[in-house]
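Visitor: I am new to this model, and I would like to learn how to read it feature by feature. Could you take me through it slowly?

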Amino acid sequence: WVDICRNGRFLEPISNGFRTGLLGGDAPDYAEKINQYQNYYKNMIVQKNISKEQLYLNKNQYQRDSLLYKRGVISSEDLEISRNQYLQDSLSLENIHSSIQNTEIQVTQMQENLLDTEFQYQDKKNQLETQIKTYISQLLSEIQTWELD
């Protein structure tokens with residue numbers, strides 16, 4: 001027992017249990033959530049590229065329809081439909097940009113939370129290890145005093 005106390009081997013299960021208690025259970029799994037948001041971010045980038053292409057095509061269609069309207073080939077209603085589609089695609093692309101920015105913010109916040117949680121864990125672990133080592137030293141000292149008496 002005295003050798004185990006001096007070597008500090010008994011601290012390992014205590015330390016592991018403490019880590020599980022602090023970071024596990026009720027604590028959110030930040031690493032997993034970060035990974036999910038990064039996958040979502042990648043999907044949003046793909047959607048953004050598709051929306052850009054769609055916007056480009058609808059912009060060209062609107063420009064063609066504008067020329068056709070000026071020449072009297074299509075009605076004002078057809079031109080408005082074309083313009084409306086172009087504006088909807090423009091708005092859709094802006095919404096995707098907003099979603100991408102929000103996702104970046106959320107990932108950054110989760111990374112900060114993960115770092116804070118790890119820091120809190122290390123700090124608490126160091127405090128407890130120091131406290132336990134102090135108690136061990138006191139216990140060993142008391143045992144030696146008892147053995148000498």
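Guide: What follows is a short walk from the whole chain to single residues.

Guide: Before we start, please keep in mind that this is a predicted model, in which local features need pLDDT of at least 70 and side-chain atom pairs count only at pLDDT 80 or more, while totals for chains, interfaces and linings use all residues. Residues are numbered from 1 along each chain as its sequence is written, and side-chain values use heavy atoms, with hydrogens and water left out.

Visitor: How many helices and strands does the chain have?

Guide: Helices (H or I, at least four residues) and strands (E, at least two) are DSSP runs, numbered from the N terminus. Here the chain has four helices and zero strands, so that the order of elements from the N terminus reads α-α-α-α.

Visitor: What share of the residues is buried?

Guide: A residue is called buried under 20% relative accessible area, exposed over 50%, and partly exposed in between, with a 1.4 Å probe and protein chains only. By that rule, 21% of the 149 residues in the chain are buried.

Visitor: How should the length of a helix be read, for example that of α3?

Guide: The expected span is 1.5 Å times one less than the number of residues. For the 41 residues of α3 this should come to 60 Å, and the end C-alpha atoms are 57 Å apart, which agrees. After α3 comes G72, whose phi is positive, near 80°.

Visitor: Which residues of α3 are buried, and what covers them?

Guide: An α-helix has 3.6 residues a turn, so residues three or four places apart point the same way. In α3 the buried residues are Y30, I34, M44, K48, S51, L55, N58, Y62, D65 and S66, and their cover includes α4.

Visitor: Which residues form the largest nonpolar core?

Guide: A nonpolar core is a set of buried Ala, Val, Leu, Ile, Met, Phe, Trp, Tyr and Cys residues joined through side-chain atoms within 4.5 Å. The largest one here has six residues, namely L55, Y62, I74, L79, Y86 and L93. Both α3 (30–70) and α4 (76–148) supply at least two residues of this core, with α4 giving the most, at three residues. Contact means heavy atoms within 4.5 Å, and L55, leaving aside neighbours within four places in sequence, is in contact with Y86, D89, S90 and L93.

Visitor: How many aromatic pairs are there?

Guide: A pair of aromatic rings is described by the distance of the centres and the angle of the planes. Rings of Phe, Tyr and Trp (its six-membered ring) pair if their centres lie within 6.5 Å, and planes under 30 degrees apart count as stacked, over 60 as edge-to-face and the rest as tilted. The count by this rule is one aromatic pair, formed by Y62 and Y86, which are stacked at 5.9 Å centre to centre with 0° between the planes. Because Y62 lies in helix α3 and Y86 in helix α4, the pair ties together parts that are 24 residues apart in sequence.

Visitor: Is S82 buried or exposed, and what does S82 touch?

Guide: S82, which sits in helix α4, is buried, with a relative accessible area of 8%. Not counting residues up to four places away in sequence, S82 touches Q61, Y62 and D65, and the side chain of S82 reaches the backbone nitrogen of Y62 at 3.5 Å.

Visitor: Which residues does T103 touch?

Guide: T103, also placed in helix α4, counts as buried at 2% relative accessibility. With residues up to four places away in sequence left out, T103 touches Y37, Y40 and Y41.

Terms used: Polar contact = N/O pair within 3.5 Å; in protein donor to acceptor, adjacent residues only side chain to side chain.
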